[in-house]
Amino acid sequence: MPNIYETDDYKKMAEQIKRDIQQDQQSELKEKMREGVAYYGYQHDILKLRLFYYDNEGVMHEEKNRSNIRIAHPFFAEQVDQKVQYLLSNPIEYKTDDENLKEELKYYTDENFQLILESLVEGASIKRHEFLYYYVNQDGRLSFAIAEAEKVIEIYDDKGLLSNYVRYYKDKIEKDGKVVTITKAEVWRKNDTVFFVQDGANKEFKLDETIIVNPQPHWLVRDEQGRLYGKGFDRLPFLKLENNGNKKTDLEPIKDLVDDYDIMACALSNNLVDFDHPIYAVRGYPGDDLDKLVTNLRTRKTIGVDGEKGGIDVKTVDIPVAARDTKLRIDKENIYKFGMAFDSTQVGDGNITNVVIKSRYSLLDLKCNKIESRLRKLLREVLRLIVDDINSRTGKAYDANSIDIIITRDTTFNEKEVAEIEKIKEDTKQVKIAYLLTVAHKLNDESVLKMLCETLDLDFDEVQQALLTQDYEIGDLDDDDI
């Protein structure tokens, strides 16, 4: 019987994995993902900026004497965090009328699952899409985790259908007394996962011999006698959340604007550093060289000049602060506008009503709408998986469609204005009630009751039934009971 680690099928699979990973790392998609991750971590292009000049011989040199302040302004990180927290700061609710199902759901939809969803939305915003994968934990229940999109490859067959996933990542191991970094890869198929590791010497992939069962079923358990049993899900255990219909990151619409803002702001800082002192134009200086002139100006504050032709003119440079400030303001407005985000620094005319607040959140609402519809679709699939897992364990027949998904966005509002509006509503009710009581003698009892119920937001039929029951019970009493 041939050794599984030497069969041609797995050798071909290992060779294909190497090619897939090389192509994936060079793809435009993964370049955009890495770019998004970098900007979310404040690693903007401005940090790579270098200054150069040409000397009299036409040779280019790097400028070492001029100021080169490099500051990354984290608009993108703020907007991603703002989007995630606006959408998910209130935990998602999963409502069902079945109390037993509600109790079962609590195990799956706990605080950890909420954090996973936040990471999922965050990752999709940064990298165009993010993956959620599921597995069976040590308790024998279905669990979920994030598979970072930049480390996952979707593999399609000749018919254009998704056939499997390849997940690859770096890992550190100890070898010959040294810690070395190696690349591991996993090929996820419908019923099992094949584990590979890259050989450090020739960079070729081979089956990972440290995995006891390889290929390994999606669900692997050991019974009381120590025997291993496993089965597959009969489907690829990955769910994909896309950021929007255009399959773009949240960085792409604003990257050029953020870069321009970084350059403008840093250029202003550089100007202030480089031109914070006057320039001296010296005529007839009798000294030996320019360095001595500068030294005398800095230390002794005096220099000697030729008596007849010598002199010194003090020049200052006017930095175009107003123009740069205007440019920075325009860039900032466009960053929030095209980033569809909420700008908390807006003050307007100082009249911050709830209508104004709602209008400032309108773009953020539109952006969140795009991903919320996709998140709901993914959550519906997650609930089907969870309910199937519950049914298989309990022998029940719960229906995932009976569960409502409630996502409540948290918006800042003017509490004083809300209180004033509520007070006006209550005062208006009191006026209406007083007027009804004034004219009640001109109307029949049923009409008065209907109008009172409408004013107090009560159900007319329920109130009428209660009154009839009360009249009946009172009329049914004996004289001895009164």
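Reader: Why is Lys 247 called partly exposed?

Author: In this predicted model, the relative accessible area of Lys 247 is 47%. Buried would need a value under 20% and exposed one over 50%, so 47% puts Lys 247 in the class in between, partly exposed. The residue sits in the loop between S14 and helix H6 (255-274).

Reader: What makes the backbone of Lys 247 worth a remark?

Author: Its phi is positive, about 55°, although Lys 247 is not a glycine. Arg 128 is another such case, with a positive phi of about 80° and likewise not a glycine.

Reader: Is Arg 128 buried or exposed, and how do you know?

Author: Buried, because its relative accessibility is 13% and the class takes values under 20%. Arg 128 lies in the loop between H5 and S4. Across the protein, buried residues make up 35% of the 482 residues.

Reader: Which class does Tyr 40 fall into, and why?

Author: Tyr 40 has a relative accessible area of 21%. Buried stops under 20%, so Tyr 40 counts as partly exposed. Tyr 40 belongs to helix H2.

Reader: How do you know which residues Tyr 40 touches beyond its sequence neighbours?

Author: Contact requires heavy atoms within 4.5 Å. With residues up to four places away in sequence left out, Tyr 40 touches Phe 76, Ala 77, Val 80, Asp 81, Glu 122 and Ile 126. Gln 79 is 39 residues from Tyr 40 in sequence, and their C-alpha atoms are 9.5 Å apart.

Reader: Why is H2 called roughly perpendicular to H5?

Author: The axes of helix H2 (residues 28-40) and H5 cross at roughly 115° and come within 8 Å. The range for roughly perpendicular is 65 to 115 degrees, so H2 is placed in that class relative to H5.

Reader: What makes up the contact between H2 and H5?

Author: On the H2 side are Met 33, Gly 36, Val 37 and Tyr 40, and these meet Glu 122, Ile 126 and Lys 127 of H5. Sorted by class, the contact holds four nonpolar, one polar and two charged residues. The polar class takes in Gly, so Gly 36 is counted there.

Reader: Which residues make the contact of H3 with H5?

Author: H3 contributes Phe 76, Val 80, Asp 81, Lys 83, Val 84, Gln 85, Leu 87 and Leu 88, and H5 contributes Gln 114, Leu 117, Glu 118, Val 121, Glu 122, Ser 125 and Ile 126. By class, there are eight nonpolar, three polar and four charged residues in this contact.

Reader: Why are S5 and S14 described as standing at the edges?

Author: The sheet is open, with three strands in the order S5-S4-S14 and antiparallel pairing. Strand S5 (142-147) and strand S14 (238-242) each have a single partner strand, so one side of each lacks a neighbour in the sheet. On average, and ignoring direction, neighbouring strands here are turned by 25° against each other. Helix H10 (residues 362-394) lies across S4, S5 and S14, at about 165° to S14.

Reader: How do you know that S4 and S5 pair?

Author: A pair needs at least two bridges, and strand S4 (residues 129-136) is joined to S5 by six, running antiparallel. In one of them, Tyr 135 has Ser 143 of S5 as its bridge partner.

Reader: What makes S7 a partner of both S6 and S8?

Author: Strand S6 (residues 152-156) and strand S7 (residues 162-175) share five antiparallel bridges, while S7 and strand S8 (residues 178-188) share 11, also antiparallel. Val 152 stands opposite Arg 167 of S7, and Lys 175 stands opposite Lys 178 of S8. The hairpin of S6 and S7 has five residues between its strands, and Gly 160 there takes a positive phi near 80°.

Reader: What is the form of the peptide bond from Asn 214 to Pro 215?

Author: It is cis, with omega near 5°. Pro 215 lies in the loop between strand S10 (205-207) and strand S11 (216-217).

Note on methods
Residues numbered from 1 in each chain as written. Predicted model: local features only at pLDDT ≥ 70, side-chain atom pairs only at ≥ 80, totals over all residues. Heavy atoms only, no water. Helix = DSSP H or I, 4+ residues; strand = E, 2+ residues; numbered from the N terminus. Axes fitted to C-alpha atoms, helices over the stretch in contact; angles between N-to-C directions. Parallel < 35°, antiparallel > 145°, perpendicular 65-115°, else oblique. Buried < 20%, exposed > 50% of the residue type's maximum accessible area, 1.4 Å probe, protein only.
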